[in-house]
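Trainee: I have the sequence and the model open. Can we go through a few residues one by one?

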Amino acid sequence: MLAHDFSDGINTVTVILKNRGKGLRALRWLLLDAIAPLLGVLSTYLFTLSEAALGIVLSVFCGFFLYIGASDLLPESHHRHPKVLTGLMNIAGAAVIWTAIHFAST
């Protein structure tokens with residue numbers, strides 16, 4: 001979670017600065033990006049979901065995630081990059097995910 005949120009912060013600042021934003025504006029967005037996970041955790045105390053509703057919500061989010069990956073991210077990664085390097089990076093990414101899951105379950 002922390003590694004993912006760290007990269008979100010880097011992306012947030014990069015987008016602001018690349019679009020001619022000032023450092024103070026980037027800092028404000030970075031702070032908002034840092035607070036967002038905490039607000040998400042706190043929001044879980046405001047409502048509860050039944051197991052059936054949770055299953056539906058997770059299914060919808062997984063579907064969106066797979067759709068975005070299959071329709072946009074994966075084809076774009078093969079656009080202007082060497083095919084061998086792209087393939088190796090896809091395999092390396094899968095290996096990192098497998099390693100994280102393996103160590104999280106032990």
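Predicted model: local features only at pLDDT ≥ 70, side-chain atom pairs only at ≥ 80, totals over all residues.

Trainee: Which backbone oxygen does the side chain of Thr-12 reach?

Mentor: Thr-12 is located in helix H1, which covers residues 2-18. At 2.8 Å, its side chain reaches the backbone oxygen of Asp-8.

Trainee: Is Gly-9 buried or exposed?

Mentor: Gly-9 is also placed in helix H1. Buried means under 20% relative accessible area. Gly-9 has 7%, so Gly-9 is buried.

Trainee: What separates the C-alpha atoms of Gly-9 and Leu-32?

Mentor: Along the chain, Gly-9 and Leu-32 are 23 residues apart. Leaving out residues up to four places away in sequence, Gly-9 touches Leu-30 and Asp-33. The C-alpha atoms of Gly-9 and Leu-32 are separated by 9.4 Å.

Trainee: How far from Asp-33 is the nearest side chain of opposite charge?

Mentor: Asp-33 lies in helix H2, residues 23-43, and is buried. A salt bridge needs the charged atoms within 4 Å. Asp-33 has no salt bridge, and the nearest side chain of opposite charge, that of Arg-25, is away by 14 Å.

How values were computed: Residues numbered from 1 in each chain as written. Heavy atoms only, no water. Helix = DSSP H or I, 4+ residues; strand = E, 2+ residues; numbered from the N terminus. Buried < 20%, exposed > 50% of the residue type's maximum accessible area, 1.4 Å probe, protein only. Lys, Arg positive; Asp, Glu negative; His and termini not counted. Polar contact = N/O pair within 3.5 Å; in protein donor to acceptor, adjacent residues only side chain to side chain. Contact = heavy atoms within 4.5 Å.
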